Amino acid sequence: MNDIEQLVATLSSDMQPVKSAPHPYKLSLQWIGAAALYLLVTLALTGLRPDWRESFVEPWFIAEIATLFALFIVTALSAALLAFPDLHQKRLLAFAPVVPAVLFVAAIFFAWHSDNPPAPLPEHSIECTCSILLTMLLPALWTFYSLRRYASTHYRLAGSIALLSAFSVGALWLRLHEVNDSIAHVVEWHYLPMLGVGLIGLWLGRVLLKW
């Protein structure tokens with residue numbers, strides 16, 4: 001009996017304290033706060049579009065920015081929930097990005113419909129996609145680095161949602177920076193690449209987040 005008690009005491013003394021994982025809400029707020037600060041700093045360095053006052057009286061531009069921002073917020077929360085094996089018993093909330101995604105698509109559709117006659121296309125094209133991808137790199141890196149510390153059992157979806165959240169940051173920056181009223185250009189070079197990024201996130205989630 002004394003040997004067993006001594007063994008238990010020895011094992012207990014060798015145990016290192018384990019830090020509790022933060023609540024998904026707190027984790028997502030950390031990501032959102034860091035990304036929002038990053039966005040503000042990036043806009044401060046590059047500047048807002050000169051016609052931002054005129055743009056923010058256009059209802060469909062406001063709807064586009066608002067739904068894109070909502071998509072960024074909800075995807076960050078969803079990624080935080082997907083970091084936990086049991087989704088923190090909030091399965092419906094983990095798949096909530098579907099709602100702002102539908103609203104975002106609706107806002108783009110109505111913006112396209114109201115763009116009559118169509119605004120002239122800018123001279124550049126793929127440069128916008130490249131700018132968004134470069135801007136999203138830092139948010140994507142810190143989100144994946146944080147996700148690797150947890151035990152996601154939905155690693156594919158977590159990777160996809162994390163990249164979509166980071167892409168939303170880059171897309172927000174470009175829409176607030178670039179003088180461009182062509183919704184056709186915005187759809188083709190700003191938002192359609194989001195689908196490809198989501199697919200890449202499925203692969204990255206399997207490679208980087210599987211345990």
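Q: Which residues make the nonpolar surface patch?
A: Leu48, Trp52, Phe56 and Ile62 make a nonpolar surface patch of about 330 Å². Patches are made of residues with over 30% relative accessible area and no salt bridge, with like charges joined within 9 Å and nonpolar side chains (Val, Leu, Ile, Met, Phe, Trp, Tyr) joined within 5 Å. A salt bridge here is a side-chain nitrogen of Lys or Arg within 4 Å of a carboxyl oxygen of Asp or Glu. Accessible areas come from the Shrake-Rupley method with a 1.4 Å probe, and for residues only the protein chains shown count as cover.

Q: What kind of model is this, and how are residues numbered?
A: It is a predicted model, where local features need pLDDT of at least 70 and side-chain atom pairs count only at pLDDT 80 or more, while totals for chains, interfaces and linings use all residues. Residues are numbered from 1 along each chain as its sequence is written, and side-chain values use heavy atoms, with hydrogens and water left out.

Q: Salt bridges next. How many in the whole structure?
A: Three salt bridges turn up in a search of the whole structure. Arginine 49 pairs with aspartate 51, with the closest N and O atoms 2.7 Å apart. Arginine 49 also meets aspartate 181 in a salt bridge, at 3.1 Å from N to O. That pair links distant parts of the chain, 132 residues apart: arginine 49 is in the loop between H2 and helix H3 (52–55), and aspartate 181 is in the loop between H8 and helix H9 (183–191).

Q: And the remaining one, with arginine 175: what is its partner?
A: Glutamate 64, with the closest N and O atoms 2.7 Å apart. This pair also links distant parts of the chain, with arginine 175 in helix H8 and glutamate 64 in helix H4, 111 residues apart. Both arginine 175 and glutamate 64 are buried. As for shared partners, salt bridges join Arg49, Asp51 and Asp181 into one network.

Q: Is arginine 49 buried or exposed?
A: Buried, with a relative accessible area of 1%. Aspartate 51 counts as buried too, at 18% relative accessibility.

Q: What about H2 itself, how long is it?
A: H2 has 23 residues and reaches 32 Å from its first C-alpha to its last, close to the 33 Å expected at 1.5 Å a residue. The expected span is 1.5 Å times one less than the number of residues. After H2 comes glycine 47, whose phi is positive, near 95°.

Q: Which helices do the buried residues of H2 pack against?
A: They pack against helix H4 (59–82), helix H7 (126–147) and helix H8 (155–177). Among those buried residues are Leu27, Ser28, Trp31 and Ile32.

Q: What does serine 28 touch?
A: Not counting residues up to four places away in sequence, serine 28 touches Ala76, Leu77 and Ala80. Contact means heavy atoms within 4.5 Å. Serine 28 is buried at a relative accessible area of 4%.

Q: Last one, leucine 209: where is it?
A: Leucine 209 is in helix H10 (residues 193–209). At 5% relative accessibility, leucine 209 counts as buried. Leucine 209 and leucine 147 are 62 residues apart in sequence and 7.1 Å apart in space, C-alpha to C-alpha. Leucine 209 touches several residues beyond four places away in sequence, including Phe144, Leu147, Tyr155 and Ala158.

Note on methods
Buried means under 20% relative accessible area, exposed over 50%, partly exposed in between (1.4 Å probe, protein chains only). Helices (H or I, at least four residues) and strands (E, at least two) are DSSP runs, numbered from the N terminus.
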